Amino acid sequence: MKTGVFKSKSKIIYADDFIVTAATKEIAEEAKEILRDFLQARGLELSEEKTVITHIDDGFDMLGWTFRKFKGKLIVKPSKKAVKALKASLSETILGRGKAWKQEVLIGVLNRLIRGWANYHQSVCASEAFAHIDYTLYELLWRWTKRRHPHKGRWWVSTNYWHRRGNRNWVFSTEGKVLQRTDSIPIIRHTKVRMDANPYFDTQYFTNRKFRHGMERLSGRFKQVWKNQKGCCYHCGLPMDIGDKREIFFKVPKSMGGKDEVRNMAYVHEHCQQILLERRAKA
């Protein structure tokens with residue numbers, strides 16, 4: 001069961017998704033009625049639309065993942081709904097908002113979308129989904145280039161927008177920007193927490209664990225930024241989790257001449273950055 005309330009200065013966010021497991025369908029139905037009565041006594045209600053009783057062999061979706069057993073083994077992978085949502089976002093970005101953007105601007109926006117989605121799903125069985133997203137990206141980008149150059153042939157379009165990078169052909173890139181391939185992001189399995197670890201006493205263990213997860217999942221300059229900070233928020237100094245909502249903070253703002261380079265970049269909690277902006281607005 002996963003539930004909680006997270007409070008910030010400006011809003012309250014409720015995390016109310018949970019799973020109940022049972023040995024039989026009858027026990028699951030009984031648990032559902034108990035939960036309904038429990039919530040009703042507290043002024044809440046169980047959503048009939050979102051509440052499903054299903055066998056693990058048939059599977060269920062939760063938090064963007066599909067959980068299902070195949071031949072006795074539990075398989076977790078990105079849900080069809082999550083993949084469909086990303087494809088819709090990519091299509092809207094490429095053929096909608098980005099139809100008149102320069103190639104390097106489009107690559108920058110797409111890389112942020114792709115990395116964020118892939119980082120969330122890279123701990124499950126996502127290889128097939130990643131390959132499908134790459135295929136979808138190619139199809140959308142081909143339509144984007146042909147729309148910009150309707151009178152140019154396939155050879156001209158391909159050689160002007162796709163190039164060779166290292167041992168890879170057909171890389172959508174410019175001199176300074178390269179589109180992230182989703183299937184190049186490694187699948188990193190979740191590491192179980194040590195059985196005897198206590199979050200209240202073994203704080204260093206959990207701090208090291210969070211830092212190690214960031215080092216495993218990040219790459220390039222973002223990994224170096226994480227390493228420089230030892231996985232801690234630049235503003236509050238507390239350890240960050242790779243799953244936390246975070247932003248890149250420029251120590252010297254770009255508007256004041258700051259450069260987009262590692263030594264000027266820092267990871268911060270999204271809510272810490274919001275508090276900083278609110279304080280600056282009041283000053």
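These legends walk through a few close-ups of a predicted model.

**Close-up 1. Helix 3, end to end.** Helix 3 covers residues 103–121, and at 1.5 Å a residue its 19 residues should span 27 Å. The end C-alpha atoms do sit 27 Å apart, so the two values agree. Look along the helix for its buried residues, among them L106, I107, V109, L110, I114 and W117.

**Close-up 2. A stacked pair, F60 and F67.** A search of the whole structure turns up 16 aromatic pairs. In this one, F60 and F67 are stacked, with 5.2 Å from centre to centre and 10° between the planes. F60 has 23% relative accessibility, so it counts as partly exposed, while F67, at 17%, counts as buried.

**Close-up 3. A tilted pair, W65 and Y120.** The ring centres of W65 and Y120 are 5.3 Å apart and the planes meet at 35°, so this pair is tilted. It ties together distant parts of the chain: W65 belongs to strand 4 (residues 65–70) and Y120 to helix 3, 55 residues apart. W65 is buried, with a relative accessible area of 19%; Y120 is partly exposed at 41%.

**Close-up 4. A cluster of rings.** Here, ring pairs join Y138, W142, W144, Y161, W162, W170 and F172 into a cluster.

**Close-up 5. Arginines over rings.** R42 lies over the face of F38, 3.8 Å from the ring centre. Elsewhere, the charged end of R194 sits over the ring of Y205, at 4.5 Å from its centre.

**Close-up 6. The cavity.** The structure holds 1 cavity of 30 Å³ or more, and the largest cavity has about 30 Å³ of space. Its lining is I188, R189, H190, T191, H213, E216 and R217, which divide into 1 nonpolar, 3 polar and 3 charged residues.

Conventions. Residues are numbered from 1 along each chain as its sequence is written. This is a predicted model: local features need pLDDT of at least 70, side-chain atom pairs count only at pLDDT 80 or more; totals for chains, interfaces and linings use all residues. Side-chain values use heavy atoms; hydrogens and water are left out. Helices (H or I, at least four residues) and strands (E, at least two) are DSSP runs, numbered from the N terminus. The expected span of a helix is 1.5 Å times one less than its number of residues. Buried means under 20% relative accessible area, exposed over 50%, partly exposed in between (1.4 Å probe, protein chains only). On a 1 Å grid over the protein atoms alone, a cavity is a set of points where a 1.4 Å probe fits but cannot get out, and a pocket is an open set with protein on both sides within 12 Å along at least five of seven lines; lining residues have an atom within 4 Å of a point. Grid points are joined across faces, edges and corners, and a volume is the space filled by probe spheres set on the points. Ala, Val, Leu, Ile, Met, Phe, Trp, Tyr, Cys and Pro count as nonpolar, Asp, Glu, Lys and Arg as charged, and the others, Gly among them, as polar. Rings of Phe, Tyr and Trp (its six-membered ring) pair if their centres lie within 6.5 Å; planes under 30 degrees apart count as stacked, over 60 as edge-to-face and the rest as tilted. A charge sits over a ring if NZ of Lys or CZ of Arg is within 6 Å of the ring centre and within 35 degrees of the ring normal.
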